[in-house]
Amino acid sequence: MTGSRMRCWCHPRHWLSVWVITLAVLCLWANPSAAVEVKTGILRVDYPVLAPVSRFDRKPDDLGFSGAQLGNEDNLTTGSFLGHKFEMATIATPPEQAVEAAQKLVSEGVRFLVILANAEDTVRITDAVGPEVLAFNALAPDNALRQSKCRTNLFHVAPSRAMLADALAQFLVWKRWNRWLLIEGSNPDDRKLGNAYRRAATKFGARIVEQRTYEDTGGSRRSDSGHVLVQRQMPVFTQDATDHDVLIAADESDVFALYLPFHAWTPRPVAGSGGLRPVSFHGSHEAWGATQFQRRFEKLSGRFLQPADYNAWLALRVIGEAVTRTNSDDPQVLKDYMLGDDFELAAFKGQKVTFRNWNGQMRQPVLLTDSKITVGVSPQEGFLHHRSPLDSLGLDEPESDCDAFK
Amino acid sequence: MIEQIKTTLLGGVFAASLAVASGYVSDAQANKVYVSNERGNTVTVIDSDTWEAIAEFPAGNRPRGIGISPDGKHLYVCASDDDTIKVFDAETYEFLWSLPSGPDPELFVINPDGTRLYISNEDDNLVTVVDTVKKTVVAEVPVGVEPEGMAVSPDVRWVINTSETTNMAHFISTEDYQIKHNILVDQRPRYAHFTNDGALLFVSSEIGGTVSVINMNGETGPELETKIGFEVSGVQNEWLQPVGMRITSDNEWLFVALGPANRVAVINIPKREVEKYILVGQRVWQLDFTPDEKYLLSTNGNSNDITVIDVAEQEAIKSIQVGQLPWGVVVAPN
């Protein structure tokens, strides 16, 4: 197999942030004295990555930004009736310039910052901009960000690995597919995801009958007629496994999970990073009025929506909703409102989404998709919780290590 | 629980049979009931005397909002996936013509003289006003994000639109089609309905789980008076999702379809309180009265039936199988 090892899907780019400024249409019923002006920055950190296994998974240049733009436009429409102004600026940056880029946004008046980065950079950026800026994690799934590394000014609209793994686990347990063959990748993020599935199995009474590691040995992801090798290699890799109902792939690095369906030694369904996948949202989702949302996004961006777009849209809508209800642009006022009992937001997932006041994580349903349609939505029927069934997903209050919200 | 339901149903049917036997029904006129079946792409027609389905006809792709002209001649159906409103002869079910509606029409309301349709277009954040006689678009009114619920005030001064993502009721003047007031309500407002004296407007918020009560005669115009919430033991709060509504003409009772809670709430309007929950079919969506208001019909999307509710008794008396995924319902006028 040949091919270049490193390929950047997005060039480190424009130091000049692009300000999308649309002034709210001044309407006669707007109160001119209420000068509520909200400036939101969208900061995306681009890492050198390999080409994806599937070309359907290529990252578009506007990933996250278009979702945020739709959220900003939604806010602008609502703001036009109330005299609230919303502006947003986007920056895509390499990791080494991320902090500088964030500070630049803050110097331009940004008090709300949506971050699309890995966990380490998300914390680094949040700490650098300081507690006066309200930050929203729209990408990093790391449980640690919701636990020991939580920050008082960092909210998480992206679901955690624990939430994603729990969402899938509930579906599998509901199906009574309780015997899992867990295959995890060899990179640190794959291990963290593997841990989330081990935790979910214990939590919901499933059994991991065997665990295997798929070593990432590098090399290019695709080559002409590479499927010939895959068809021979994957059955060999999965043979002689303990009897199992389902094969779970923990492969955040996108190395092997997509090769498992149809190639495993025993005919069993695949779930996790391939097959049936837990996601915050998906471009095919249509229930609960989502069709209109998808159409608006596609009209704006000319492509299908990805989870990062949904998360960014959600972050903007959280800000917009809090501004609408409080008539304020003060981050502290908005934060208090977001954590209070009155906050609620409709997000095309069938029930209102709210924030956990112990770690700033958004409570939300998780979709299960086969990449073509919505197969199911968790929490599943019968998984109860004294507060809300949504709290059966992810890290609950009694197990929280986060002190920042106390 | 099931036993209880059976008893109620049987009791109801028995009572209805008694009524028939005593000739009580004879003064009531039989009206056709039209049910749009979102998944079946049909309209089911039911006779309100026998409560039997008498016809089912194709109604375009994904029929949802449904209404009838005041003279009972024309049936209007939002064919959402065809991006039009289809007009059928209400007697022969013959397709007559389409009206321009903008993309993905979901709900509309007809003004009392039948000359205007006010349609919400979710994709374009517009309310489209259509002249039903000339079959032309009269006006397009920019509103909030994802317009949905529509209502016309009894004096025809106001057209109300609710926008699901902006979470507002917009008050559009019928004189110049400009928005004059906006009122914030809870998440995802789905439906709006006036009392017949025009004094109160109710707006149901599906995700917020409340019905907002708006006083139309406030000091500075329409103002939010209160919000009414719901509570059913054994049903998670998340599933108490108010959608379709109907009000008795004495303005005493508001009936609210509660979606996945499978119940219709009965609200005492003077007290602003829920007095009862009526168990109906699954995913109850829209409601309509028979013209004499003896019966209220609910569409139950996930059980493919409609429930007949005795309005005076506030009890479900019968369910009738219709097509796949019933969405809207309208009863022909006398």
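With 28 C-beta neighbours inside 10 Å, B:N167 counts as buried, where a residue is called buried if 20 or more other C-beta atoms lie within 10 Å of its own, exposed if 12 or fewer, and partly exposed in between, the C-beta atoms being placed from the backbone. B:N167 lies in the loop between β13 (158–163) and β14 (168–173) of chain B, and its phi is near 65°, a positive value in a residue other than glycine. Helices (H or I, at least four residues) and strands (E, at least two) are DSSP runs, numbered from the N terminus.

The structure is a predicted model, in which local features need pLDDT of at least 70 and side-chain atom pairs count only at pLDDT 80 or more, while totals for chains, interfaces and linings use all residues. Residues are numbered from 1 along each chain as its sequence is written, and chains are lettered from A and ligands numbered from 1 in the order in which they are written. The predictor gives the complex an ipTM of 0.83 and a pTM of 0.88. In chain B the pLDDT, which is the predictor's confidence in each residue on a scale from 0 to 100, averages 91, and 92% of the residues score at least 70. Over residues 1–27 of chain B, however, the pLDDT is below 50, and this stretch has 18 contacts in the model beyond near neighbours in sequence; two residues are in contact if their C-beta atoms, placed from the backbone, lie within 7 Å.

Chain B, to stay with it, has one helix and 28 strands. Its radius of gyration is 19 Å, close to the 20 Å that the globule rule gives for 334 residues, so chain B is as compact as a globular protein of that length; the radius is taken over C-alpha atoms, and the rule is 2.2 Å times the number of residues to the power 0.38. Taken along the principal axes, the C-alpha atoms of chain B fill a box of roughly 55 × 45 × 35 Å. Of the 334 residues of chain B, 52% count as buried, and among contacts in this chain between residues at least 6 apart in sequence, 43% join residues at least 24 apart.

One part of chain B that can be followed strand by strand is an open sheet of four strands, which run in the order β20-β21-β22-β23 with antiparallel pairing; two strands pair if DSSP finds at least two bridges between them. At the edges stand β20 (245–247) and β23 (273–279) of chain B, each with a single partner strand, so one side of each is left without a neighbour in the sheet. The twist averages 20° from one strand to the next, with axes fitted as lines to C-alpha atoms (for helices over the stretch in contact) and angles running from 0 to 180 degrees between N-to-C directions. Between β20(B) and strand β21 (residues 253–257) of chain B, the antiparallel pairing extends over three bridges, and B:I247 stands opposite B:L254 in β21(B).

Chain A has a secondary structure of ten helices and 15 strands. The radius of gyration of chain A is 21 Å, close to the 22 Å that the globule rule gives for 406 residues, so this chain is as compact as a globular protein of that length. Its C-alpha trace spans about 75 × 50 × 40 Å along the principal axes. Buried residues make up 50% of the 406 residues in chain A, and residues 24 or more positions apart account for 70% of the contacts in this chain with a separation of 6 or more.

Within chain A, helix α3 (residues 119–129) has as its buried residues A:D121, A:T122, A:V123, A:I125, A:T126 and A:V129. What covers them includes β2 (36–45), α2 (98–107), β4 (112–116), β5 (134–137), α4 (143–146) and β6 (154–156) of chain A. The helix α3(A) is followed by A:G130, whose phi is positive, near 85°.

Two further backbone details belong to chain A. A:F348, found in the loop between α10 (331–339) and β12 (354–355) of chain A, has a phi near 65°, a positive value in a residue other than glycine, and A:F348 is buried, with 25 other C-beta atoms within 10 Å. A cis peptide bond, with omega about 10°, joins A:S378 and A:P379, and A:P379 has its place in the segment after β15 (374–378) of chain A.

Where the chains meet, 16 residues of chain A are in contact with 19 residues of chain B. The elements that give two or more residues to the side of chain A that touches chain B are α1 (65–82) and α8 (290–301) of chain A, and the largest share of that side, four residues, comes from α1(A). The residues on this side of chain A divide into five nonpolar, six polar and five charged, where Ala, Val, Leu, Ile, Met, Phe, Trp, Tyr, Cys and Pro count as nonpolar, Asp, Glu, Lys and Arg as charged, and the others, Gly among them, as polar.
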